[in-house]
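This report concerns the structure displayed below. Please keep the sequence and the three-dimensional view at hand while reading.

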Amino acid sequence: MNKQQLINELTLQTGFTRTTVQKVFESLTGIITNELKQGGEIRLQGFAILSRWYQTERPARNPKTGAPHTIPARFSVKLKPGKQLLEELNNTQTKNK
């Protein structure tokens, strides 16, 4: 599911206008981004924890040519799934097998 599909689904499930849902979605992603930029984390109880972490510079190879290069240091985001999300995913898998 991409961003537009998610907005469409939220529009259908909430009954709000597409414009309203899009504004709320943009605000939400902006708030999350700003919190992570400041070094904070986002805790969505039962769903997930988003946190910023620092990846150090490391050696790598181009998979096509095999040429060595260095991946520069950067910040990235970790997502740790919550207990309820994992339980729901595992219950769904068991039912679908």
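## Basis of the description

The structure is a predicted model. Residues are numbered from 1 along the chain.

## The largest pocket

The largest pocket holds about 180 Å³ of space. Its lining consists of Leu6, Phe25, Leu28, Thr29, Ile32, Leu44, Phe47, Ala48, Leu50 and Leu79. Classified by residue type, this lining comprises nine nonpolar residues, one polar residue and no charged residue.

Two elements, helix 2 (18–37) and strand 2 (48–55), each contribute at least two residues to the lining. Helix 2 makes the greatest contribution, with four residues.

## Strand 1 and strand 2

Strand 1, residues 41–44, pairs with strand 2 in the antiparallel sense over four bridges. Within this pairing, Leu44 has Ala48 of strand 2 as its bridge partner. Leu44 and Ala48 are also both among the residues that line the largest pocket.

## Strand 3 and strand 4

Strand 3 (residues 58–61) and strand 4 (residues 68–71) also run antiparallel, and four bridges join them. Arg58 stands opposite Ile71 of strand 4.

Six residues lie between the strands of this hairpin. Gly66 takes a positive phi near 80° there.

## Salt bridges

Side chains of opposite charge can pair when their charged atoms come close. The model has two salt bridges under the rule applied.

One of them joins Lys3 and Glu26, whose closest N and O atoms are 2.5 Å apart. This pair links distant parts of the chain, since Lys3 belongs to helix 1 (residues 3–14) and Glu26 to helix 2, with the two lying 23 residues apart. Lys3 counts as partly exposed because its relative accessibility is 37%, and Glu26 likewise counts as partly exposed, at 35% relative accessibility.

The other salt bridge is formed by Arg43 and Glu41, with the closest N and O atoms 2.7 Å apart. Arg43 is exposed because its relative accessible area is 59%, which is over the 50% cut-off. Glu41, by contrast, is partly exposed, with a relative accessible area of 35%.

How values were computed
Predicted model: local features only at pLDDT ≥ 70, side-chain atom pairs only at ≥ 80, totals over all residues. Heavy atoms only, no water. 1 Å grid on protein atoms, 1.4 Å probe; cavity = no way out; pocket = protein on both sides within 12 Å on 5 of 7 lines; lining within 4 Å. Points joined across faces, edges and corners; volume = space filled by probe spheres on them. Nonpolar A, V, L, I, M, F, W, Y, C, P; charged D, E, K, R; others polar. Pairing = 2+ DSSP bridges. Salt bridge = Lys/Arg side-chain N within 4 Å of Asp/Glu carboxyl O. Buried < 20%, exposed > 50% of the residue type's maximum accessible area, 1.4 Å probe, protein only.
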